[in-house]
Amino acid sequence: MDHRMVAAGVIRTDRKRPFEQRLLEIAGGLRGLIREHVPESAAVEGVFYSANVKTALKLAHVRGVALLAIAEAGLEMAEYSPLEVKTSVVGYGRAEKSQVKLMVGSCCG
């Protein structure tokens, strides 16, 4: 199986909208990407610890939406730790978000 990234981007939602509506938009965006690209598998970053509990809970909700979209599509799924993702993308596991964004943008943006 060919393991390469086929798309990179951001699903943006309006922060003023209710959270459940934002989750619905994210789910629709993911489903659209899956229909458009017809991948064989998907990768999701694993759970990480955050000092900000509120932020961590919101991320967990979004991750749940992503897992649901993947399961609905019947895709094989892999899970990678934040350290593994950063090492793969940047070459350094302690890279800053800005470095990861730059590398993703340079290969797929």
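Reader: Which side chain meets R63 in a salt bridge?

Author: Start with the general idea. Side chains of opposite charge can pair when their charged atoms come close. In this predicted model, the side chain of R63 meets that of E79, at 2.6 Å from N to O. The pair links distant parts of the chain. R63 sits in helix 2, E79 in strand 2 (residues 76–80), and they are 16 residues apart.

Reader: Is R63 buried or exposed?

Author: R63 has a relative accessible area of 18%. Buried means under 20%, so R63 counts as buried.

Reader: How many salt bridges does the structure hold?

Author: Three. One of them joins the side chains of R31 and E72, at 2.7 Å from N to O. R31 lies in helix 1 and E72 in helix 2, so this pair ties together parts that are 41 residues apart in sequence. R31 is partly exposed, with a relative accessible area of 28%. E72 is partly exposed too, at 47%.

Reader: With which residue does E25 form a salt bridge?

Author: With R17. The closest N and O atoms are 2.2 Å apart. E25 is partly exposed, at 28% relative accessible area. R17 is partly exposed as well, at 34%.

Reader: On to helix 1. How many residues does it have, and how far does it reach?

Author: To read a helix, set its span beside the expected one. Helix 1 covers residues 19–37, which makes 19 residues. From first C-alpha to last it reaches 27 Å. That is close to the 27 Å expected at 1.5 Å a residue.

Reader: Which residues of helix 1 are buried?

Author: R22, L23, I26, A27 and I34. Look down the axis of helix 1: these buried residues fall within an arc of 140°, so they line one face of the helix. They pack against helix 2 (53–72).

Reader: Which exposed residues does helix 1 carry on the face turned away from its buried side?

Author: L24, R35 and E36.

Reader: Which residues does L75 touch?

Author: Leave out residues up to four places away in sequence. L75 then touches I34, P39, E40, S41, A42 and I70.

Reader: Last point. Where in the chain is confidence lowest, and where is it highest?

Author: Confidence is lowest in helix 4 (residues 97–108), at a mean of 75. Confidence is highest in helix 1, at 97. The chain averages 87, and 94% of the residues score at least 70.

Technical notes: Residues are numbered from 1 along each chain as its sequence is written. This is a predicted model: local features need pLDDT of at least 70, side-chain atom pairs count only at pLDDT 80 or more; totals for chains, interfaces and linings use all residues. Side-chain values use heavy atoms; hydrogens and water are left out. Helices (H or I, at least four residues) and strands (E, at least two) are DSSP runs, numbered from the N terminus. The expected span of a helix is 1.5 Å times one less than its number of residues. Buried means under 20% relative accessible area, exposed over 50%, partly exposed in between (1.4 Å probe, protein chains only). The arc is that of the directions from the helix axis to the C-beta atoms. Contact means heavy atoms within 4.5 Å. pLDDT is the predictor's confidence in each residue, from 0 to 100. A salt bridge is a side-chain nitrogen of Lys or Arg within 4 Å of a carboxyl oxygen of Asp or Glu.
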